[in-house]
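Hi everyone, thanks for coming. Let's take a look at the structure together, and please follow along as I talk.

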Amino acid sequence: MKQKIREIVLQAAQKAFSIGELPSSEIPGVEIEEPKVEAHGDYSSNISMVMASVQKMPPRKIAEAILKYIDNSEGIIEKTNIAGPGFINFQLKKSAWHPFLLKVHNENTKYGASDIGCGKKVQVEFVSANPTGPLHVGHGRGAAVGDSMSNILSFSGYEVQKEYYVNDSGRQIRTLGLSVYLRYRELFGKETEFSDDYYQGDYIRDLALLIKEEKKDLFLDKNMEDEAVQYCARFASDYILKGIDNDLKSFGVKFDNWYSEQSLFDSDKVDSAINNFKNKNIIYEKEGAFWFKTTDYGDEKDRVVIRNNGLTTYFASDIAYHKDKFDRGFETIIDIWGADHHGYINRISASIEASGHDRDQFKVIMIQLVNLLRGGEPVAMSTRAGEFITLKDVIDEVGNDAARFIFLMRHYDSHLDFDLELAKKKSNENPVYYVQYVHARISSIIDKGREEYGIKDIDLNDKSVSMLTEPEEIQLIKAMARYPEVIRSSAELLEPHRITFYLMNLASFFHTYYNKHRVLTDDKVLTHGRLYLVMAVKIIIRNGLALLGVSAPDKM
RNA sequence: GCCCCCGUAGCUCAGUGGAUAGAGCGUUGGAUUCCUAAUCCAUGUGCGCAAGUUCGAUUCUUGCCGGGGGCACCA
């Protein structure tokens with residue numbers, strides 16, 4: 001609808017020019033928007049204001065000239081007027097909205113889908129937590145955002161791959177192995193010094209116990225220590241990774257690919273990426289270490305890729321990893337990181353540019369921290385002491401739907417308060433149920449219509465639909481007409497929370513309508529029209545929730 | 001010290017240059033012989049401060065103030 005108004009306005013402006021009422025044909029960025037104030041109509045355009053300086057005419061004069069040539073042959077415009085500094089306001093006929101209902105029904109699960117992605121290959125990498133411990137709520141937020149963003153992008157015509165990068169190499173894995181090994185020794189009554197550098201937490205002891213059951217006292221032999229630590233490391237990280245996978249699956253998040261850091265070394269991709277940069281003279285040697293000149297690409301300082309002990313840094317594998325993403329044919333890669341990694345953006349961007357790709361082919365979504373609360377009070381979380389509430393704990397307590405919805409209720413740039421008590425409440429304080437309730441209510445109406453009114457199929461005719469003239473009905477249809485634009489901006493800006501807010505708004509309109517008007521009435525024609533209306537609402541609620549990864553129950 | 005993010009109603013937050021800045025919670029008062037009250041209706045002196053760009057700034061620029069995070073040959 002917005003597009004249609006835009007065309008009408010632009011055509012009118014051109015006509016006004018060709019007839020000679022406007023001196024210039026130049027038309028700068030024209031906006032069509034939905035005014036916040038109802039009195040300003042359904043749509044308004046700022047065209048005369050943005051044209052004022054080009055035309056060297058006062059905005060209101062321009063507006064008058066354009067208005068003369070507005071083409072209303074389709075009869076959708078009720079009235080127009082010029083207001084304020086020069087806005088052109090359009091009031092549409094009620095009947096102009098009715099065709100949208102048909103569109104929603106026809107397109108059904110595809111309503112709101114688009115091809116703005118043109119089939120471009122996009123990779124979304126998210127969670128990618130190290131396999132050294134269970135997932136926590138912060139990872140949950142990343143999982144919800146990444147998964148939903150992937151849904152939205154593929155719904156918008158991108159070819160999306162969801163990837164989890166597994167840091168299964170390097171120092172932290174060895175530390176994990178040592179931690180488990182020490183706990184293993186403890187199980188045999190050996191004295192150990194378990195410093196803060198090791199992974200705390202009971203799960204390390206559980207792992208040690210598993211190894212004890214499997215290997216008995218085999219690893220107590222001092223000569224076996226190296227082998228034992230290595231075994232513990234691999235055993236533990238495999239085990240933990242499996243747990244992470246399970247937790248994510250039960251959260252409804254499935255990855256298309258798990259990419260191992262170790263495989264980058266095994267296939268010599270790290271070496272070749274570094275050699276490539278050496279040949280380009282953007283890696284140099286200093287004080288026994290090798291440095292990548294990231295300052296050439298806007299970083300604050302150069303970064304080490306090979307330490308003077310000969311070992312590569314995490315950054316080195318990341319260079320190879322991101323290069324490999326492009327080698328696999330992705331045109332855009334999206335990384336979702338915790339906010340604490342922000343210092344990393346510049347150096348990864350640098351490596352991407354140095355590999356011959358465009359900086360804006362790489363997008364980083366930085367997710368702000370989650371504060372876990374219970375009844376308004378912060379939940380004590382101490383990683384050092386190994387006391388923390390895991391993502392699994394949270395989901396077990398509040399359920400998938402509530403957790404996912406809450407994670408997507410904020411812009412990812414905002415800190416998020418996640419209150420466990422609130423997440424369990426079944427009231428307006430907890431908007432997930434508010435939205436789901438719409439779906440359940442409509443399902444119930446449809447059931448009742450079938451059972452008590454004998455309505456099996458909607459008898460769709462213009463007469464039924466044209467009876468939808470109540471303000472609340474038009475409000476609902478207008479909101480539904482806006483849905484594709486919400487999806488689109490959500491995809492373009494990579495902001496899933498826009499859908500969450502949209503759904504809460506649509507739900508609010510529905511509840512208002514529901515309380516004021518009956519769907520099932522004695523008037524058969526009207527009843528069919530209204531059923532057609534609420535079924536369209538149901539379709540959108542279901543679609544929107546699906547993009548968020550939240551279920552749409554028929555009963556609550 | 002340098003870098004990034006944030007600062008909007010009592011609280012938690014929406015608002016990618018437009019007119020009179022919104023929602024939920026909280027407060028107070030109301031609504032159910034009728035499709036699910038997990039609902040609805042009513043109730044509001046707020047864009048941290050100051051310059052700049054613009055016809056127009058909560059939105060863009062700069063500076064300051066306040067909160068968080070980051071500044072390793074760690075990941």
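Let's begin with a pair of helices: α2 passes α3 in a right-handed crossing. Keep in mind that this is a predicted model.

Which residues make the contact? From α2 we have Ile47, Ser48, Met49, Met51, Ala52 and Gln55, and from α3 Pro59, Ile62, Ala63 and Ile66. Sorted by type, the contact has eight nonpolar residues, two polar ones and no charged ones.

Now for the geometry. Two packed helices are described by the angle between their axes and the distance between the axes. Here, helix α2 covers residues 47-55 and helix α3 covers residues 59-67, and they pack at an angle of about 110 degrees with their axes 8 Å apart. Angles of 65 to 115 degrees count as roughly perpendicular, so α2 is roughly perpendicular to α3.

Next, the RNA. How many residues surround RNA strand B? There are 67, and the closest are Ser44, Gly343, His411, Asn428 and Ser444. Our friend α2 is back here: among the elements that give two or more residues to the surface near RNA strand B are α2, β4 (87-92) and α6 (171-187). The largest share comes from α16, with eight residues. By type, this surface divides into 24 nonpolar, 28 polar and 15 charged residues.

Finally, let's step back to the whole chain. Chain A has 20 helices and 15 strands, and its C-alpha trace spans about 90 × 65 × 40 Å along its principal axes. Of its 556 residues, 40% count as buried.

How values were computed
Residues are numbered from 1 along each chain as its sequence is written. Chains are lettered from A and ligands numbered from 1 in the order in which they are written. This is a predicted model: local features need pLDDT of at least 70, side-chain atom pairs count only at pLDDT 80 or more; totals for chains, interfaces and linings use all residues. Axes are lines fitted to C-alpha atoms, for helices over the stretch in contact, and angles run from 0 to 180 degrees between N-to-C directions. Helices (H or I, at least four residues) and strands (E, at least two) are DSSP runs, numbered from the N terminus. Angles under 35 degrees count as roughly parallel, over 145 as roughly antiparallel, 65 to 115 as roughly perpendicular and the rest as oblique. A crossing is left-handed if the near helix is turned anticlockwise from the far one by less than a right angle, and right-handed if clockwise. Two residues are in contact if their C-beta atoms, placed from the backbone, lie within 7 Å. Ala, Val, Leu, Ile, Met, Phe, Trp, Tyr, Cys and Pro count as nonpolar, Asp, Glu, Lys and Arg as charged, and the others, Gly among them, as polar. A residue is near a molecule or strand if its C-beta atom, placed from the backbone, lies within 6 Å of it. A residue is buried if 20 or more other C-beta atoms lie within 10 Å of its own, exposed if 12 or fewer, and partly exposed in between; C-beta atoms are placed from the backbone.
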